[in-house]
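Here are my notes for you, written as a few numbered points. Have the structure open while you read.

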Amino acid sequence: MPPDDLEAERVLRICTACMYCDGLCAVFPAIAGKHDFAPNDLTYLANLCHNCRGCWYACQYAPPHHFAINLPNTLAELRQRSYADYAWPRWLGRGFGANARVVAAIVGGITASMLIATLLLVPANVLFAAHHGPGAFYRVVPWPIMAGAAAATLLSAMLAIGISAASYWRAITPRAGTKAILRALYPAVLDIVTLRNLGGGGPGCNDADEKFSQQRRWFHHVMVAGFAFSLAATLIAAFYHHVYAVAAPYSLTSLPVLAGGIGGVTMLIGIGGLLLLERRADRALSAAAEIRLNIVFLVLLALVAGSGLAVLALRETAAMGLVLTLHLGIVIGFFAILPVSKAVHGLYRSLALLRAAIERARPRRSGDE
């Protein structure tokens, strides 16, 4: 068994004997009454942990006690390893180990290539002109190239993440029939949508110290809401394009622009809050690789939102061509790196919460307590 698994098993055995933290999150009910943890169970528990750090501040066996229990850090190390272990294709797993360099190389390379291609292929009198009215964007970058490159990259990324998540689910899936899984869907979705486990059992997370806070939970909600608005803007714009045959850019009071503007600003507020909390957090309570993965993903998401707002602000100026190309490069690069980014945690954690909901619904056997 790898050293990380041995340490996790040691820590969890002490936790099952103590169970002082049983009301903090879903991890503790999931380990109640258990004394042995198979590698797949450890992977499941690692992704069930939301790293709220509440158990660290509540733990009587945390350092300087000689048991040296650091459950958030232990599970974070396993969580990072699970992302690499289940990555598809397998060689993509190495991308998690050098995430910052991989992201910089892929996103930077794609963005630079698009800028160079635009400078070489688009006549200067078109690229540096101010364009107005429907179809203005496509005079610089033709719609088939813009939509085709983005769609192909996003679909390939979703395929890779989907296959990875399916492998992960096969590894952690509990023995349960279809009816039991369907019954567990609603409580699992409720846990996923509300981020209940970032509530620390009610008072909130320990973001920086012993004080409880709901900030991480709410900033996460704000960021996701901004992303949902931005996604809605893209879908509405596609509807306008294909159903009404009206090409972008749209007026400032149109639904795609309003939704996109609100989404971009909201995302930046949520991302800024999460980065601030990441800066204030005690780094000993997480894995160094997880901290890097979080920061790189948030910064890249901020670049996507910020460059989108820049296109909106400069779309009727001579700078539109270059700003639009820059935004497209960042967006396509963002899609390309999704399978080796923090984006994978959403599916893995959701599946872990589904297993937890299935196990919660099972009748308890006598002797479990």
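Predicted model: local features only at pLDDT ≥ 70, side-chain atom pairs only at ≥ 80, totals over all residues.

1. Residues are numbered from 1 along each chain as its sequence is written, and side-chain values use heavy atoms, leaving out hydrogens and water.

2. Look inside. The largest nonpolar core has 88 residues, and F28 and L48 touch the most other members. (Such a core is a set of buried Ala, Val, Leu, Ile, Met, Phe, Trp, Tyr and Cys residues joined through side-chain atoms within 4.5 Å; buried means under 20% relative accessible area, exposed over 50%, partly exposed in between, with a 1.4 Å probe and protein chains only.)

3. Now the charged pairs. A salt bridge puts a side-chain nitrogen of Lys or Arg within 4 Å of a carboxyl oxygen of Asp or Glu, and by this rule there are ten. In one of them, the side chains of R79 and E290 meet at 2.8 Å, N to O. Both R79 and E290 are buried.

4. R196 pairs with D191 in a salt bridge, with the closest N and O atoms 2.9 Å apart. Are these two buried or exposed? R196 is partly exposed because its relative accessible area is 40%, whereas D191 counts as buried at 4% relative accessibility.

5. One more pair to find: E359 and R355 also meet in a salt bridge (2.9 Å, N to O). R355 has 6% relative accessibility, so it counts as buried.
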